[in-house]
Amino acid sequence: MKKIILFDLDGTLTESGEGIINCVRYALEKMGKAEKNIEKLKSFIGPPLVNQFMAYSNMTEEEAEKATKYYRERFSTIGIFENKLYPNIETMLKALKEKGFTLSIASSKPEKFVRQILSYFKIDNYFDEIVGATLDGKISEKADVIFEALKRLNINDENKKDVLMVGDKEHDIFGARLNGLLCVAVSYGYGSLEELEKASPLKIVNSVDELKDYLLS
């Protein structure tokens, strides 16, 4: 049994797609690159924003950084609350803490917003560490966020065997692997089943209840 769990946020604990997509649309409109196809914009859920704006709209890094500022302009006041917990998340977190697990967040979302969201849903008290990206972009890739989480938890090569990552996208799986960790993928989030299977996680679970049972087994 792994006793230290790193959780992704978007698509793993929270159903945040509405807020993210609305803020991306806002940013793209501001950049003169309006997009009405919501399905296409789901690709923004998970990866670092600057990278995704560059990949999606062929923006330069400077343009992508400007688009990210527009995104955060709306997200910080409106988009952050266009969000909800997946069913039974708090029940799972409570059960894990009662069994003595150490829990941490490792999210590509800026840490400032991660803390606001967890506080808003009143689940911040379940986490021993809350780690997100930095607003200046120094920490943005998932592997770097996970590395920072491990550092704050005082995890070294000897006790990495006790740590498990949980996420919904290939970025979570690859980021965990780069840090020498295994990853359980959730199929109820924003990554396709094909994407997850191709990334070869330790296991794929289909619901929060199934995730809880697996982590406690």
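What is the volume of the largest pocket? In this predicted model, the largest pocket has a volume of about 560 Å³.

Two or more lining residues are given by each of the elements α3 (49-57), α4 (61-75), β4 (102-110) and α8. The largest share, 7 residues, comes from α4. Sorted by class, the lining of the largest pocket holds 14 nonpolar, 9 polar and 13 charged residues.

An α-helix has 3.6 residues a turn, so residues three or four places apart point the same way. After α8 comes G180, which has a positive phi, near 75°.

Is K169 buried or exposed? K169 is buried, yet it has no salt bridge. The nearest side chain of opposite charge belongs to E195, at a distance of 4.0 Å. Apart from neighbours within four places in sequence, K169 is in contact with I45, P47, Y190, G191, E195 and L196. E195 is therefore a contact of K169, since contact requires heavy atoms within 4.5 Å.

Most residues other than glycine have a negative phi. Against this background, two residues may be considered in turn. K122, although not a glycine, has a positive phi of about 60°. The loop that holds K122 runs between α6 (111-120) and β5 (129-133). K122 is exposed, because its relative accessible area is 61%, and the term applies to values over 50%.

N154 is likewise a residue other than glycine with a positive phi, in this case near 60°. Its place is in the loop between α7 (142-152) and β6 (163-167). N154 has a relative accessible area of 63% and is therefore exposed. Thus K122 lies in a loop and is exposed, and N154 too lies in a loop and is exposed.

Methods: Residues numbered from 1 in each chain as written. Predicted model: local features only at pLDDT ≥ 70, side-chain atom pairs only at ≥ 80, totals over all residues. Heavy atoms only, no water. Helix = DSSP H or I, 4+ residues; strand = E, 2+ residues; numbered from the N terminus. Buried < 20%, exposed > 50% of the residue type's maximum accessible area, 1.4 Å probe, protein only. Lys, Arg positive; Asp, Glu negative; His and termini not counted. 1 Å grid on protein atoms, 1.4 Å probe; cavity = no way out; pocket = protein on both sides within 12 Å on 5 of 7 lines; lining within 4 Å. Points joined across faces, edges and corners; volume = space filled by probe spheres on them. Nonpolar A, V, L, I, M, F, W, Y, C, P; charged D, E, K, R; others polar.
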